[in-house]
Amino acid sequence: MLNFPLVPEQAATSASKMDLLFFALIGVSAFFIILIFVLIVIFSIRYRRGREIDRVIRRTDFMKLEIAWIVIPTLISLVIFGWSAWLYFVDKTPPADATEIYVVGKQWMWKIQHQNGNREINELHVPTGKPVKLIMTSEDVIHSFFIPAFRIKQDVLPGRYTTEWFTPTKAGEYHLFCAEYCGTNHSAMIGKVVVMDPMDFQHWLATSGTIESMASLGEQVFKEYGCAACHRSEDSDRGPMLSGLAGSIVSLQNGGTVVADKEYLRESINDPGAKIVAGYKPIMPAYRTTLSQEQINQLVEYLLTLPQGRGSGVRSAK
C-alpha cells in the first residue's frame with residue numbers, strides 16, 4: 001500500500017506538461033479553499049453568540065476590496081485559460097514526421113495496424129523517442145482511447161477519423177483503457193502499450209508481421225471490388241481519376257471546394273453522396289456496410305501512394 005502512486009508514471013513528453021497544469025489547478029483551488037475555511041473559522045469564533053463585540057453595521061466604502069476580488073480571479077482565470085489553450089494546441093498538433101498508426105475501436109477490443117501491415121489486438125508497440133500519431137475510428141459506438149501514463153485520452157467515433165499523438169520516453173508496458181462506457185463488456189476493453197528501444201522496435205516490425213503493407217492490401221481491395229471500372233487511369237464519365245488526388249483541392253458540385261485529406265477520402269468511400277465532385281453524377285454506391293474499417297483504412301493508404309496524374313486531383317475524388 002505504501003508503494004501506491006498518487007498519479008500514474010510519466011512515460012511520454014506530454015505527461016509532465018499535463019501534470020504541471022493539473023497540480024497548478026489543484027494548488028490554486030487548495031489556496032482558496034484553505035483561505036475561505038480559515039476565514040469562516042475566525043469569524044465563527046470572533047462573532048459567536050454571547051460574545052461582547054461591536055455588531056453595528058456601518059456603511060463603508062470597500063471599493064479597493066471589490067476591485068481586488070474582481071481583478072485577481074479574472075487574471076487567474078485568464079492565465080489558466082491561456083495555459084490550457086496552449087497545451088491543447090500542442091497536444092492536437094502532431095509533428096510532420098510522426099509515425100502514423102491506425103486504430104479501430106470495436107465492442108470490445110482495439111484493432112491496430114501499422115503502415116507496414118502489422119496487426120495487433122489490444123496491444124500497441126511503439127519506439128521510444130519517436131512521435132507517434134494515431135488515426136482512429138470506431139466500427140460501432142463511441143469509444144475513448146486512454147493511456148494514463150501518457151496523459152492522453154481521445155474519443156474514437158463511428159463515421160469519422162479522430163487523431164491523437166504522443167512521444168514515448170520510457171521503455172516498458174503501460175495500461176490502455178476504453179474510457180467511454182461502450183456496452184456490456186466495456187470494463188474488459190483493455191490492453192497495453194509496449195514501448196521499446198528503437199532497434200528492438202524495428203526488429204519487432206520486421207519479424208512479427210505481414211510482408212504486405214497497408215497500401216498493398218488497399219490495392220488488393222481496390223481490385224477486388226472493381227473500383228478501376230469507374231476510376232480508370234484516363235478521364236472517365238463514370239468516375240474521376242484518382243492518381244495524385246491525395247492532398248489536392250477538389251471542386252464540388254455545390255460550388256465549394258475541399259482538401260482531399262484522409263478524412264475526405266474515408267468519407268468518399270463510406271458515403272460518396274456527402275460531397276459530390278463537380279462534373280460527375282452521384283452513381284457510386286456507399287461502402288460503409290460492404291467494407292470493414294480496416295479495409296477502408298487500407299484503401300485510404302493506397303490512394304495516398306498513387307502517383308500524380310494528369311490534372312486528376314484538382315477536381316475529383318472516389
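Helix 1 covers residues 13-46, and at 1.5 Å a residue its 34 residues should span 50 Å; the C-alpha atoms at its ends are 51 Å apart, which agrees. The model described here is predicted.

**Overall form**

The protein chain contains 6 helices and 12 strands. Its radius of gyration is 27 Å, well over the 20 Å that the globule rule gives for 318 residues, so the chain is more spread out than a compact globule. Along the principal axes, the C-alpha atoms fill a box of roughly 95 × 50 × 35 Å.

Of the 318 residues, 38% count as buried. The accessible surface of the chain comes to about 18,400 Å², and carbon and sulfur atoms account for 61% of that surface. Among contacts between residues at least 6 apart in sequence, 69% join residues at least 24 apart.

**Helices 5 and 6**

Helix 5 (residues 262-270) is mostly covered, with 8 of its 9 residues buried. The buried set is Lys262, Tyr264, Leu265, Arg266, Glu267, Ser268, Ile269 and Asn270. Their cover includes strand 1 (99-106), strand 5 (132-138), strand 11 (249-251), strand 12 (257-259) and helix 6.

Helix 6 spans residues 293-305 and holds Asn297. Asn297 has a relative accessible area of 2% and is buried. Apart from its neighbours within four places in sequence, Asn297 is in contact with Tyr102, Val104, Tyr161 and Met214.

**Loops and backbone geometry**

Most residues other than glycine have a negative phi, and most peptide bonds are trans.

| Site | Backbone feature |
|---|---|
| Gln107 to Trp108 | cis peptide bond, omega near 0 degrees |
| Asn122 | positive phi, near 60 degrees |
| Arg151 | positive phi, about 60 degrees |

Trp108, at the end of the cis bond from Gln107, is placed in the loop between strand 1 and strand 2 (109-114). Asn122 is found in the loop between strand 3 (119-121) and strand 4 (123-127). Arg151 lies in the loop between strand 6 (143-147) and strand 7.

Is Arg151 buried or exposed? With a relative accessibility of 15%, Arg151 counts as buried, because the cut-off for that class is under 20%.

Gly129 belongs to the loop between strand 4 and strand 5. At 59% relative accessibility Gly129 counts as exposed, because the cut-off for that class is over 50%. Leaving aside neighbours within four places in sequence, the contacts of Gly129 are with Thr167 and Pro168. Gly129 and Leu87 are 42 residues apart in sequence, and their C-alpha atoms are 20 Å apart in space.

Conventions:
Residues are numbered from 1 along each chain as its sequence is written. This is a predicted model: local features need pLDDT of at least 70, side-chain atom pairs count only at pLDDT 80 or more; totals for chains, interfaces and linings use all residues. Side-chain values use heavy atoms; hydrogens and water are left out. Helices (H or I, at least four residues) and strands (E, at least two) are DSSP runs, numbered from the N terminus. The radius of gyration is taken over C-alpha atoms; the globule rule is 2.2 Å times the number of residues to the power 0.38. Buried means under 20% relative accessible area, exposed over 50%, partly exposed in between (1.4 Å probe, protein chains only). Contact means heavy atoms within 4.5 Å. Accessible areas come from the Shrake-Rupley method with a 1.4 Å probe; for residues, only the protein chains shown count as cover. The expected span of a helix is 1.5 Å times one less than its number of residues.
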